[in-house]
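This report describes parts of one protein model. Please look at the structure below before reading on.

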Amino acid sequence: MRVLIACVDVFTIARIKLTLAKEKIMHDTTDLGEDGLHLAKLYDYDIVLYDVTRSEIDGYKMLQRLRNAQVDTPILILSGLGELDQRIKFLRFGADDVLTKPFDGGELLARIQAIVRRSNGHSQSTIRTGRLVVNLNTRVVSVDDQPVKLTNREYAILELLSLRKGTTVSRESFLNQLYGGVDEPELKSMDVLICKLRKKLARATGGSHCIEAVWGRGYVLRDPTPRSGDVAQNASRDAAAARHGVGAN
């Protein structure tokens, strides 16, 4: 996950950074002037945290500018404006949620995780792909309830693939998420990392890793395709269950 923090208050920035660092979440900071607008358009952030420290009207205008610039990234407003009508207005101007200051770090993290999940079509904190389960809250990967030990970067790759399950993720997106433009290695290094991740997942599942390479584009996580024998077996079980149900009546 990668977060853009748009804030000018150094104390708020420090607090947010500390919360994100505990969860090993990558982040960039900006005041969300022209530079911030450029960053939001240029990079593939999972969420923007916009701290409204100036006037209420400036906050609404910046939201409109972001949305008019086709920035579809989820936006969480951090605001000292606690009135209900003000919070409603932020939502109507394009924000995805509003968190009133002062806020608890745990609640901030929970809001971020929930918004990012929903924006990617996931209602729960766990994403299942075949026997593989990724818990976005605890950052634990498991197969049949047995944890799979991954490095931080391997987890970040699998988390991104899981959040965008069924969608091809480019090598550039992986590098952007893992390194954020700082000391980025060559694109080929992603193939090496993903190869290692595939081997660990295949070892844990007994052969399946669910990560497909899309030639010239990147990688995609998909549910495993049932084998023909499994399909026939399931069909036989369904038929037997149906017959049993009819006989019981």
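## Basis of the model

Helices (H or I, at least four residues) and strands (E, at least two) are DSSP runs, numbered from the N terminus. This is a predicted model, in which local features need pLDDT of at least 70 and side-chain atom pairs count only at pLDDT 80 or more, while totals for chains, interfaces and linings use all residues. Residues are numbered from 1 along each chain as its sequence is written, and side-chain values use heavy atoms, with hydrogens and water left out.

## Two residues with positive phi

Cys 210 sits in the loop between helix H8 (188–205) and strand E11 (211–214). Cys 210 is not a glycine, yet its phi is positive, at about 70°. Burial is judged by relative accessible area: under 20% is buried, over 50% is exposed, and in between is partly exposed (1.4 Å probe, protein chains only). Cys 210 has a relative accessible area of 12%, so Cys 210 is buried.

Arg 139 also has a positive phi, of about 60°, although Arg 139 is not a glycine. Its loop runs between strand E7 (132–135) and strand E8 (140–143). Arg 139 counts as partly exposed because its relative accessibility is 23%.

## The largest pocket

A pocket is found on a 1 Å grid over the protein atoms alone: it is an open set of points with protein on both sides within 12 Å along at least five of seven lines, whereas a cavity is a set of points where a 1.4 Å probe fits but cannot get out; lining residues have an atom within 4 Å of a point. Grid points are joined across faces, edges and corners, and a volume is the space filled by probe spheres set on the points.

The largest pocket holds about 280 Å³ of space. It is lined by 18 residues, and those closest to its centre are Met 1, Lys 24, Ile 25, Arg 139 and Ala 156. Helix H5 (105–119), helix H6 (152–163) and helix H7 (171–179) each give two or more residues to this lining. H6 supplies the largest share, six residues. By type, the lining has nine nonpolar, three polar and six charged residues. Here Ala, Val, Leu, Ile, Met, Phe, Trp, Tyr, Cys and Pro count as nonpolar, Asp, Glu, Lys and Arg as charged, and the others, Gly among them, as polar.

Axes are lines fitted to C-alpha atoms, for helices over the stretch in contact, and angles run from 0 to 180 degrees between N-to-C directions. Angles under 35 degrees count as roughly parallel, over 145 as roughly antiparallel, 65 to 115 as roughly perpendicular and the rest as oblique. A crossing is right-handed if the near helix is turned clockwise from the far one by less than a right angle, and left-handed if anticlockwise.

How do H6 and H7 cross? Their axes come within 10 Å and cross at roughly 130°, which means that H6 is oblique to H7. H6 passes H7 in a right-handed crossing. The axes of helix H1 (residues 10–22) and H5 come within 10 Å and cross at roughly 65°, so H1 and H5 are roughly perpendicular. The crossing of H1 and H5 is right-handed.

Tyr 155 belongs to helix H6 and is buried, with a relative accessible area of 4%. Tyr 155 and Val 134 are 21 residues apart along the chain, and their C-alpha atoms are separated by 9.0 Å.

The loop between strand E5 (97–100) and H5 contains Pro 102. The peptide bond from Lys 101 to Pro 102 is cis, with omega near -5°. Phe 103 is found in the loop between E5 and H5, and counts as buried at 5% relative accessibility.
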